[in-house]
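Please keep the structure open while going through the points.

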Amino acid sequence: MTPTDLHALRGLNAAVLSDTLDSLGLMQQAMRPFMRPLDDSLQLIGRARTGLYMPVYEHRDGENPYAVEIALVDDLRPHDVVLLACDGPSDRIAPWGELLSTAALARGAAGCVTDGLVRDVRQIRELRFPVFCGGIGPLDTKGRARMVERDVPVSCAGVAVRPGDLVFGDVDGVVVVPREHEGAVLQRALDKVAGENASRDALRRGEKLADVFARLGIL
């Protein structure tokens, strides 16, 4: 497996990745617990394409408040994850919805992560497009927020994210693996999954938890 072989990572999960990052001293890589998936059954794996939002309190005549957001979505490539930083949790910035999901899906994007709000939830669930968000609300960003930059370092739900970082999400939450640590993290995580499988098999055979932990060191 190479760091870019994203399909080989389907057997991982957010908890294992978080544990592995912790073991390397990277203990601020799991997004805050308010970040939840719209569909618990979906997994998200891909590369961060970031967007930075700022609040606004009026709409200027003649201005397209969606210009930077549209440019980001139209530039998406397969396996990209749209990652929108809104300084969440937010009660007024809702940057993502059905039409953006449809456009991103058509370009092969892996999903969307935002610490802002999401709307059009029923339609997004029908698309089976992985979306993780800080909440749900019907609001339009027009007159409330604007994406001011894209493909820049951001902070989303308490985690520093740079373009190209690996983003992994499942029902347990969202974890970000910094690009420079990716090789070490992924290999350790895959080894840990193998160890957990061995532990599970032993416990199913009726071995005592203390004995399994003493032998394998995995809990």
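1. Strand β4 (residues 111–118) is largely enclosed by the rest of the structure, because eight of its eight residues are buried. Please bear in mind that this is a predicted model.

2. On one side, β4 pairs with β3: the two run parallel and are joined by four bridges. Within that pairing, Leu83 has Val113 of β4 as its bridge partner. Taken with α3, these two strands make a β-α-β unit that is right-handed.

3. β4 also pairs with strand β5 (residues 131–136), again in the parallel sense, over five bridges. Here Val113 is partnered by Phe132 of β5. The chain gets from β4 to β5 through helix α4 (residues 121–127), and this β-α-β crossover is right-handed.

4. Leu84 deserves a look. Its place is in strand β3 (residues 80–85), and it is buried, with a relative accessible area of 1%. Between Leu84 and Thr114 there are 4.6 Å in space, C-alpha to C-alpha, although they stand 30 residues apart in sequence. Leaving aside residues up to four places away in sequence, Leu84 touches a set of residues that includes Cys112, Val113, Thr114 and Asp115, and also Trp96, Met147 and Cys156.

5. Ser90 sits in the loop between β3 and α3 (98–106). Is Ser90 buried or exposed? Ser90 is buried, at a relative accessible area of 14%. A polar atom of its side chain lies 3.1 Å from the backbone nitrogen of Arg92, and one lies 2.9 Å from the backbone nitrogen of Ile93. Beyond residues up to four places away in sequence, Ser90 touches Asp115, Gly116 and Leu117.

6. How many disulfides does the whole structure hold? A search finds zero. For Cys112, the closest cysteine sulfur is that of Cys133, and at 8.5 Å it is too far for a bond. The cut-off for a disulfide is a sulfur pair within 2.5 Å. Cys156 is likewise in no disulfide, the nearest cysteine sulfur being that of Cys86, 7.3 Å away.

Key: Residues are numbered from 1 along each chain as its sequence is written. This is a predicted model: local features need pLDDT of at least 70, side-chain atom pairs count only at pLDDT 80 or more; totals for chains, interfaces and linings use all residues. Side-chain values use heavy atoms; hydrogens and water are left out. Buried means under 20% relative accessible area, exposed over 50%, partly exposed in between (1.4 Å probe, protein chains only). Contact means heavy atoms within 4.5 Å. A polar contact is a pair of N or O atoms within 3.5 Å; within protein, one must be able to donate a hydrogen and the other to accept it, and residues adjacent in sequence count only if both atoms are side-chain atoms. Two strands pair if DSSP finds at least two bridges between them. A crossover is right-handed if, with the strands pointing away from the viewer, the path from the first strand over the helix to the second runs clockwise.
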